[in-house]
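Please open the model in your viewer and keep the selection tool at hand. The stops below go from a sheet to a few charged pairs.

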Amino acid sequence: MAGVEPTQALGERTPAGPAATLTMALEAIGGGAYVVDEQGRVIAVNAHAEQLLAMPAETLLGRDAHDLLHRDAHGQPLSRAQCSMRQAFLAGRTAQAEGNYFACGDGSLLPISWLITPYDVGDHALGTLVLFHPRHPLEIDPQPEPAAGPLPELERLALLAETTTQLTSTLDVEEALRRLVTLVVPRLADWAVVDLITERDEVWRTLVVHADGDALVRHEELQGPMPPVPEDSQMPLSRALRGVASALAGPRTYRGAPDSGIALEQRGLFDATGIRSAAIAPIRSTREVLGALTLGRTRQPVDFTTDDLPLIEDIARRAGLALDNASLYERQRKVAETMQNHLLPQMPHVPGLQMTVRYLPAPDASQVGGDWYDAFSLSDGATALAVGDVVGHDLEAAAGMAQLRNMLRAYAWALREPPSKIIGRLDEALLHITDVAMATVIFARLEEAEDCHWKLSWTNAGHPPPLLISHDGLADYLTDGHGILLGTGARRPRTDAAALLPPGSTLLLYTDGLIEEPGHTLDEGLHRLRQHAAALAHRPLASFTDHLLRRVRPAANDDDVALLALRTPARSRS
């Protein structure tokens, strides 16, 4: 058959050491043969198998044999729950069958008969030997062999499909775990236990849940830190947490003298829950072992058997992929939030003024964006205020925001010029020394005036207008001083505007994520903001800001929001 070139001499193609001895033993077998380790990965293969499969040893070694080779009669990947060879492998028993198929390296499908049996691979390790030979297609029964187990095959496949859909549609670890136990309890078991390995290689019993009628009850008293996983323990949970294999367990499994602290904890679990039959499977990602899933039965009349393990293994594998994605997302979010907190400044203390700021990241983005706020003292004693928005919702936007903010600070401190002149210089510099494509910004100066008023002078580069709310609840937008956004290259003159802030008034600077909503006009968002800001004018400033965000920010918003609010001192009563 078409395939690989004839292999070279044995001494040239096999590695030294135990692997060479194992391969030499396989060469003495007249048919195709390979050996897998306890995880189902190919560790040795003979030349006859290479020729039959049209794959060189380099392609086979280290690969999961089931994923690489096992196919149904139509050439599609075979579910582990359907695979009789996989079931025999997990049971550690000798078995044989006809009418199965292997995928070949040239894209063809090889009808086979096979025999599988436990095999000593040396160094006190146990592997599995697989012998196979091709069969004529007419001898093959085209009907797939049904998998045994408590669920009919269609229900098993439906459960796997539902597991994939449910677990991959969330990026929250707690929610993924909740969905996992909801899928398997009470459908497959009365109890579900999840042990996860932390980033510091510690084991944490994260979830212990059992079915009480239609309700799922969480037992926090059984959760918590676990002893370390011993490297040489052959107990089922320890093996699963090392990613070695799935296994069955029961109270008798842990009745002997415990070989480790984790075995003692597992004995306590069986005693506390009354589990009489359990199936334990590793939870793996594509990169590492994340933990183990234990399903236990107390009231269900049928004990787990090895025929159940492929299904539970498939569920645990899907859970591992989902948990890995969720963990990566949460780590990214924490890093991003820390970065954002360091990029956004602390507010200065200005005698007489109250000032508060808020930043809310985009809910579905990378948690870092281009929205920013700033306030700082100027060299002439005035206070500078700024709120801006750099285009984008990623690390590049955040880096551009930091560049823009720092340049604005430098210009404002060094140059005693009106806001319009400073923003004009910033716009020109933007094109030459930054990677920022476009941005909007409001930049203002605030200084104390006569009769308990404060003078605000500002310029607006394409940004939503500031909102001024009086102590009595009159809300007006400051629409003067408006110009084009930064980064267009058009050197149009910019204008300044000025207004007096009366005693007890509140000034609000914000980004467009607060008011923009898909399917609604900008005027609708501005009206909503004005209405709620006026209604909240009597609230303390922090309460005003928090309630305003909750009421005004659209539920469908996919943008980050930066907000700066300040309040002038009320007129003193004589």
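Two strands count as paired if DSSP finds at least two bridges between them, and this should be kept in mind while looking at what is a predicted model.

Begin by selecting residues 32-36 and 125-134, which are strand E1 and strand E6, joined in the antiparallel sense over five bridges; within this pairing, Gly 32 has Phe 132 of E6 as its bridge partner.

Now turn to the salt bridges, of which the structure holds 27. Select Glu 38 and Arg 239, whose closest N and O atoms are 3.1 Å apart; this pair links distant parts of the chain, with Glu 38 in the loop between E1 and E2 and Arg 239 in helix H9, 201 residues apart. Glu 38 is partly exposed at 31% relative accessible area, whereas Arg 239 is buried at 15%.

Move on to helix H8 (residues 173-184), where Arg 179 and Glu 175 lie four residues apart, about one turn of the helix, and form a salt bridge with closest N and O atoms 2.8 Å apart. Finally, select the network joined by salt bridges that share partners, which includes Asp 67, Arg 80 and Glu 313.

Definitions and conventions: Residues numbered from 1 in each chain as written. Predicted model: local features only at pLDDT ≥ 70, side-chain atom pairs only at ≥ 80, totals over all residues. Heavy atoms only, no water. Helix = DSSP H or I, 4+ residues; strand = E, 2+ residues; numbered from the N terminus. Salt bridge = Lys/Arg side-chain N within 4 Å of Asp/Glu carboxyl O. Buried < 20%, exposed > 50% of the residue type's maximum accessible area, 1.4 Å probe, protein only.
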